[in-house]
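Visitor: Hi! Could you walk me through this one?
Guide: Happy to. Here it is.

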Amino acid sequence: MKTFKKTSLATLLSATAMLSAGSAIANEDPVKLGLMLPYSGTYTALGEAITNGLKLAIEQEGGQLGGRDVEYVELDSEADPSKAPQNMSRLVNGDDVDFVIGPVHSGVAMGMLRVAKQTGAITIIPNAGLGAATNELCMPNVFRTSFSMWQDSYPMGKVAYDQGHRKIVTITWDYAGGKEDLAGFEEAFTAEGGEIVEQILVPFPSTEFQSYLTQIASLEPDAVYTFFAGGGGVSFVRDYASAGLKESIPLLGSGFLTEGNLSALGDAGEGVMTTLHYAETLENDANQSFVSAYENAYGELPDTYAVQGYDTGMMLVQALSVLGGDTSNQERLIDVLSNVHLASPRGPLSFSDSHHPIQNVYLREIRDGKHEVVRIAHENLEVPDEACQM
Amino acid sequence: MDLAFFSVQLLNGLQYGLLLFLIASGLTLIFGIMGIINLAHGAMYMIGAYLVYDLTLRLGNFWLAILAAIPIAIVLGLIIERLFLDTLYKRDHLYQVLLTFGLILVLNEAQRIIWGGDVHRVAVPAPFDASIQLTDNLQYSVYRLFVMGVCLALAGVIYWVMRHTRLGIIIRAGAVNRDMVEGLGINVRTLFTLIFSVGVALTAFAGMIAAPLTSIAPGMGDSILITCFVVVVIGGIGSIKGAFWGAIIIGMATTFGAVLIPSLASMVIYLIMAAVLLVKPRGLFA
């Protein structure tokens, strides 16, 4: 909290300084935000939640960033990796946007980052969790306001061991995101002394889980750790419950297993424990006012995707107010962005040297159709980013 | 692998295979008799699931929802055949592929406009919302058994229609030699309308009864489409018997492949298809 006050004061001072320094030119044109998010297909709900959160943050500031109007250029990424480089070029070269915000899908991120490297366009990733984006691919102009797969699953390893589990089966889709998630969990769990009895990889995007559930039942582990998302997450949790496994073998998972799907899970979700950097029930001032503002604006409860969009907006709000809306000096802009500290709905949020969020990860349990926070599973968790020293 | 494990997996494979048959039967009829590669077949499966989700909410009862959704699916099939396909029969296959591909986009977008991007579910309906104990720690949903029963019954009905009715004779003849059937004074145009509507209704129905077993999400029909084409190719295009055995083979291969050779799990069904095509290029029962 102390750091936040200090930052706000600094913000105020430098904002005044910048304004008086004469940013008459900067004020004329609107700030152009290029949104490269999925507005069709499987990830539509995620793209919309991020957009809603982002716009809410900027609307709360009177629809302006650093005194300049805001223009949104929305581009449907279709969550299609093959179209990513072309779409990104269109935003950067064609529409000449000041910031690119996207994507949801890690495959799309790979294509986008290639263009981000060539053009130096400032890119803020509001979801895609591939570790490499802020590690091996290391770029000063790339920021992330979301998470990495590793960050959300690593804390669960210790939680599982502390709950008394020694033998665990892990299961996910056979694709990079799923494997990165499992790697985080397995690293922490085996470091504690636990054993991974079997790692099951299901062909992506199959949701036919019966044979794997039979296999899990015959392996009789202490618990199961899983990563599936969207419709696959719902199918897995429901099939797991209807196979009668939930009572004898507790189900643990990354928060994405159940995020945004509480109503679709129904009773099958009750008691499932997950770790994630947000829960809608978090009791801090920022979250309570965010949840009610979001509900007023859009008529539904926010999920973690909405928070990631909101924090992307808040990051821009804070940075551009420090700069008085002047985005002309990119080096300075990057410097200011990387020093942003937010009192986010998810708790304190700041950024590492590799521009990755440093944030709390919470242990959550579904009770009465809500993600109740059990405790902080890991406070201010930083991710491994040896490959990225800026 | 002990016997209990093996038997349960056999059950899993059979159940998946039977559901695949229901979807693939419509595809093979349309493909074999009309010569139409209906890429929108998976989208129809999705529409079936969404229809039953929507109508269950409105009517408050899953069984009523199915009764109401079937006519809607049939009418949808009628409209597509009469309005769009009818004008393309004389054209090259490519036009029909383009049309049905376009239909995927239209139906997916319609789904998004009507029902949004969220994941939904349909509760398992009474009186099948129970489980039976299979092994010490594994239960099996009674509804899954019910779905197997329905699929088997429908397979029986389709078999009977194809083997023992005049309509069946015409359809089988049409699959072999369309021109000759037309030459015998049979109205092929009406036959096509009928087959397309029934084909669409069958896959939509599969989506309906599968809805309580799966999650209802955008794009849920896209992945099932590929699997169904594999079933049709293995079984032999236009053959109902082929679709049945093809579906059972793929169901078993998927289930056992996943457990026995996990590293090849995603390839198993394509390896089987390649092997079948090498030995019998026209499929097992063509």
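**A chat about the two chains**

Guide: Let's start in chain B: residues 60-85 are 88% helix and 0% strand, and their end C-alpha atoms lie 36 Å apart. Helices (H or I, at least four residues) and strands (E, at least two) are DSSP runs, numbered from the N terminus. This is a predicted model, where local features need pLDDT of at least 70, side-chain atom pairs count only at pLDDT 80 or more, and totals for chains, interfaces and linings use all residues. Residues are numbered from 1 along each chain as its sequence is written, and chains are lettered from A and ligands numbered from 1 in the order in which they are written.

Visitor: Where does UniProt place the feature "transmembrane region" in chain B?
Guide: The unreviewed UniProt entry puts it at residues 16-40, 60-85, 142-162, 190-211, 223-244 and 256-279 of chain B. UniProt positions use the numbering here, feature names are shortened, and annotations may be inferred rather than shown by experiment.

Visitor: And how much helix is there over residues 223-244 of chain B?
Guide: That span is 82% helix and 0% strand, with 19 Å between its end C-alpha atoms.

Visitor: How many residues of chain B are in contact with chain A?
Guide: On the chain B side there are 33, and they meet 35 residues of chain A. Contact is called when C-beta atoms, placed from the backbone, lie within 7 Å.

Visitor: Which helix gives the most to that side of chain B?
Guide: H1(B) does, with five residues. By class, the side of chain B that touches chain A has 13 nonpolar, 16 polar and four charged residues. Here Ala, Val, Leu, Ile, Met, Phe, Trp, Tyr, Cys and Pro count as nonpolar, Asp, Glu, Lys and Arg as charged, and the others, Gly among them, as polar.

Visitor: Switching to chain A: how many helices and strands?
Guide: Chain A has 13 helices and 15 strands. Its radius of gyration is 21 Å, close to the 21 Å that the globule rule gives for 390 residues, so chain A is as compact as a globular protein of that length. The radius is taken over C-alpha atoms, and the rule is 2.2 Å times the number of residues to the power 0.38.

Visitor: What does the domain assignment give for chain A?
Guide: Domain 1 covers 2-147 + 283-351, while domain 2 covers 150-276 + 364-381. These bounds come from an automatic or database domain assignment. The C-alpha centres of the two domains of chain A are 30 Å apart. Ten residues from domain 1 and eleven from domain 2 make the contact.

Visitor: What order do the strands of the open sheet in chain A have?
Guide: The six strands run E2-E3-E1-E4-E5-E6, with mixed pairing. Two strands pair if DSSP finds at least two bridges between them. At the edges sit E2 (64-65) and E6 (142-144) of chain A, each pairing on one side only.

Visitor: How do E2(A) and E3(A) pair?
Guide: They are antiparallel, over two bridges. A:Gln64 stands opposite A:Asp69, and A:Leu65 has A:Arg68 as its bridge partner. E2(A) and E3(A) form a hairpin with two residues between them, and A:Gly66 in the turn has a positive phi of about 55°.

Visitor: And E1(A) with E3(A), parallel or antiparallel?
Guide: Parallel, joined by seven bridges. A:Met36 has A:Leu75 as its bridge partner in E3(A).

Methods: Two residues are in contact if their C-beta atoms, placed from the backbone, lie within 7 Å.
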